[in-house]
Amino acid sequence: MMLSGWPGFRLVSRGKRHVWEGTLRPTPLSQVYTVKISYADWENPKVLVINPVLEPRADGSIPHRYGDESLCLYVPGQWTRANYISEAIIPWTVLWLYHYEIWRVTGEWLGGGVHPLKSSTESPHP
């Protein structure tokens with residue numbers, strides 16, 4: 001499913017933990033982001049932006065991220081094992097990046113959702 005829907009991604013690790021890396025571009029005017037998606041059968045996917053480094057605003061914050069810098073893409077229960085990474089996590093990541101770019105310019109997060117606390121390390125993935 002990943003390779004047919006997202007040919008720019010490659011599986012860089014398999015076994016107990018699967019890791020996909022690839023590039024995403026939210027809009028034709030956006031920059032290209034390299035992301036890493038890691039998951040295991042017993043936990044929810046974790047998404048990190050590898051490149052470019054995400055830039056905080058003057059207060060040092062970036063909304064909708066956890067303490068480990070992974071992206072907050074969904075509320076608990078929204079992701080289930082029945083979902084495919086290619087059909088849920090990748091589109092949610094593209095949408096997150098789109099809203100991040102708007103936030104960088106305006107200072108307002110327009111993507112909705114619930115912000116995890118800045119110091120929160122609690123996330124939907126262990």
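Predicted model: local features only at pLDDT ≥ 70, side-chain atom pairs only at ≥ 80, totals over all residues.
Residues are numbered from 1 along each chain as its sequence is written. Local features need pLDDT of at least 70, side-chain atom pairs count only at pLDDT 80 or more, totals for chains, interfaces and linings use all residues, and side-chain values use heavy atoms, with hydrogens and water left out.

**Exercise 1.** Find out whether serine 86 is buried or exposed, and list what it touches.

Step 1. Locate serine 86: helix α2, residues 85-106. Helices (H or I, at least four residues) and strands (E, at least two) are DSSP runs, numbered from the N terminus.
Step 2. Apply the cut-offs: buried is under 20% relative accessible area, exposed over 50%, partly exposed in between (1.4 Å probe, protein chains only). Serine 86 has 7% relative accessibility, so it counts as buried.
Step 3. List contacts (heavy atoms within 4.5 Å). Not counting residues up to four places away in sequence, serine 86 touches Met1, Met2, Trp6 and Pro91.

**Exercise 2.** Which parts of the chain does the pair glutamate 43 and arginine 17 tie together?

Step 1. Check the pair. A salt bridge needs a side-chain nitrogen of Lys or Arg within 4 Å of a carboxyl oxygen of Asp or Glu. Here the closest N and O atoms are 2.6 Å apart.
Step 2. Glutamate 43 lies in the loop between β3 (33-40) and β4 (46-51), and arginine 17 in strand β2, so the pair ties together parts 26 residues apart in sequence.
Step 3. Glutamate 43 is buried at 8%; arginine 17 is partly exposed at 33%.

**Exercise 3.** State how many salt bridges the rule gives.

Step 1. Apply the rule: the count is 4.
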